[in-house]
Amino acid sequence: MICRTRRAFSLWPAGRLFIAAAATLVICALAQGQPQQRSKVVTVRSPKVINSRNQVDLTEAKAMLAAGLEALTGKRGAKDAWSALGLKPADVVGIKINCNNWTITLSPPAELLQALTDSLATVVPANNIIVYEASVADLESSGFKPNSSTAGVRFIGCNEGAGFDDEERLSRIVTSTCTKLINFASLKCVEQGRGASLFFKNHIGSLVEKDMPKCHGNMDFLASTLAKPSLKNKTILNICNGLRGTYRQGVPWYWGGIILGQDPVASEWAGYQIINEKREQEKVAALPMPEYLKIAESKYGLGTCTPGHIDWVKIER
Amino acid sequence: MIRGRRCSSFHDFCLIGLALASGFLAEMSAEPRFQQELFLPKTGPAGFILAQPPEFYGTESEPLVDGHIFHFINGGGVVYLNHGFQAVVHLVYKNETADKLIVDIFDMGTAQNALAAFADQAICPAGFAVISVGTEAKAYHFEPDFFLYFIKDRCLIYAHVTDDGQSELLIDYAKRIFKEEP
């Protein structure tokens with residue numbers, strides 16, 4: 001020990017130079033690496049999950065979700081995976097679904113939703129899971145029976161009961177009732193300069209009604225939606241139903257997959273890639289990367305849409 | 001002038017729809033004035049009944065009883081607004097096996113607007129088959145769905161069955177709608 005110290009002293013001028021050079025290198029590397037916070041997106045596809053009659057296999061949907069959660073978190077088993085995402089047994093989890101029935105129904109299939117709620121129920125009681133949409137009518141139109149009882153998974157509309165938070169201009173389901181959130185979008189293309197309707201637009205249904213139309217033309221407003229504190233801080237997972245999606249407005253295809261990610265920007269970016277891959281196959285011009293994603297990255301720091309910063313894990317079952 | 005006429009016709013529009021929901025439309029004698037201005041089918045498709053009351057949506061500035069177009073089709077409504085969208089009535093029918101037959105009648109304000117919407121690929125994308133329902137209709141078969149678009153006067157009409165086994169029935173119903181005297 002003493003000997004090593006003496007030698008260090010004897011080499012001091014050279015050592016100082018070496019340390020200075022090394023420190024410079026480290027600082028440079030860190031500086032270059034500043035924005036390189038990587039985001040992971042997982043896609044899981046299976047030809048067995050849905051058939052050409054739009055019928056979904058529950059067992060396969062569950063297996064896909066399990067594979068996706070494992071790939072995303074590195075944890076085997078639903079309980080550990082949800083724990084890794086921050087879910088605790090006392091949490092109340094809100095799942096914002098997109099009940100979209102015009103023209104081709106893109107609402108989440110009941111089987112895929114069940115796969116998700118069953119998985120969550122390994123951690124929280126079923127009654128602590130709240131599936132919600134803008135209105136009860138939306139839920140009903142997609143075949144989901146409203147349930148605000150104290151038994152089973154709850155299905156509620158923002159237009160009933162909870163009301164809206166004045167400050168965040170969001171449903172109180174989001175701001176007060178729920179402690180964790182899952183953004184469950186659908187793979188939907190709307191075109192006409194508005195690209196796709198994925199994770200950002202899914203939360204239009206969580207907003208006060210007056211603010212909803214702003215999301216269709218105001219890119220900054222749309223980007224800022226997911227920056228609202230309750231949405232930003234409580235969301236533990238973004239998941240997209242792509243079993244059947246649309247690659248043009250009203251034109252569906254069976255992609256047979258789901259997208260999972262914690263970063264909504266990276267997950268949305270992946271959704272665009274999937275739609276554009278299909279558009280390329282069909283010789284339709286690609287959707288440009290929308291302005292709101294760039295704003296969400298640069299102004300609101302919600303994640304990244306820079307391809308080099310995204311680790312995309314693709315699972316084919 | 002225009003506004004006054006529109007409000008009046010929309011009021012009538014809603015009255016007709018409510019009458020349709022209660023199944024009395026065929027018996028009632030509607031006022032000729034709004035028969036000229038608006039169109040709603042007098043009867044449903046064979047073997048189907050209305051599953052819910054008709055829904056009526058207007059524009060953001062002039063919503064109808066169920067709200068405005070964004071309540072109905074979210075951001076997809078922008079392209080309709082670009083073509084002069086005024087109002088839509090949304091009819092959902094179901095048969096014994098719970099297959100859905102949906103008819104949406106978009107009042108586009110003028111026949112020219114309806115034609116422009118019909119020609120817009122953001123509404124009626126490429127890849128359709130042309131069939132006749134008394135007029136040219138654009139038909140789409142995306143298993144298990146089958147739907148078509150056609151124009152009647154100033155309305156763009158969308159008709160859809162969720163079971164393509166009912167596609168002939170849908171076409172027959174579209175023919176009936178097109179032929180129906182206002």
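This is a predicted model: local features need pLDDT of at least 70, side-chain atom pairs count only at pLDDT 80 or more; totals for chains, interfaces and linings use all residues.
Residues are numbered from 1 along each chain as its sequence is written, while chains are lettered from A and ligands numbered from 1 in the order in which they are written.

Helix α11 (residues 264-281) and helix α12 (residues 291-298), both of chain A, pack at about 155° with their axes 10 Å apart, and the two are therefore roughly antiparallel, the word for angles over 145 degrees. The residues that meet (C-beta atoms, placed from the backbone, within 7 Å) are listed below.

| Helix | Residues in the contact |
|---|---|
| α11(A) | A:V265, A:E268, A:W269 |
| α12(A) | A:L293, A:A296, A:E297 |

By class, this contact holds four nonpolar, no polar and two charged residues.

Between the chains, 18 residues of chain B are in contact with 21 residues of chain A. On the chain B side, α3 (69-73), α4 (78-82), β7 (145-152) and β8 (155-161) each supply at least two residues, and the largest share, three residues, comes from α3(B).

Chain B as a whole has six helices and eight strands, where helices are DSSP runs (H or I) of at least four residues and strands (E) of at least two.

How values were computed. Axes are lines fitted to C-alpha atoms, for helices over the stretch in contact, and angles run from 0 to 180 degrees between N-to-C directions. Angles under 35 degrees count as roughly parallel, over 145 as roughly antiparallel, 65 to 115 as roughly perpendicular and the rest as oblique. Two residues are in contact if their C-beta atoms, placed from the backbone, lie within 7 Å. Ala, Val, Leu, Ile, Met, Phe, Trp, Tyr, Cys and Pro count as nonpolar, Asp, Glu, Lys and Arg as charged, and the others, Gly among them, as polar.
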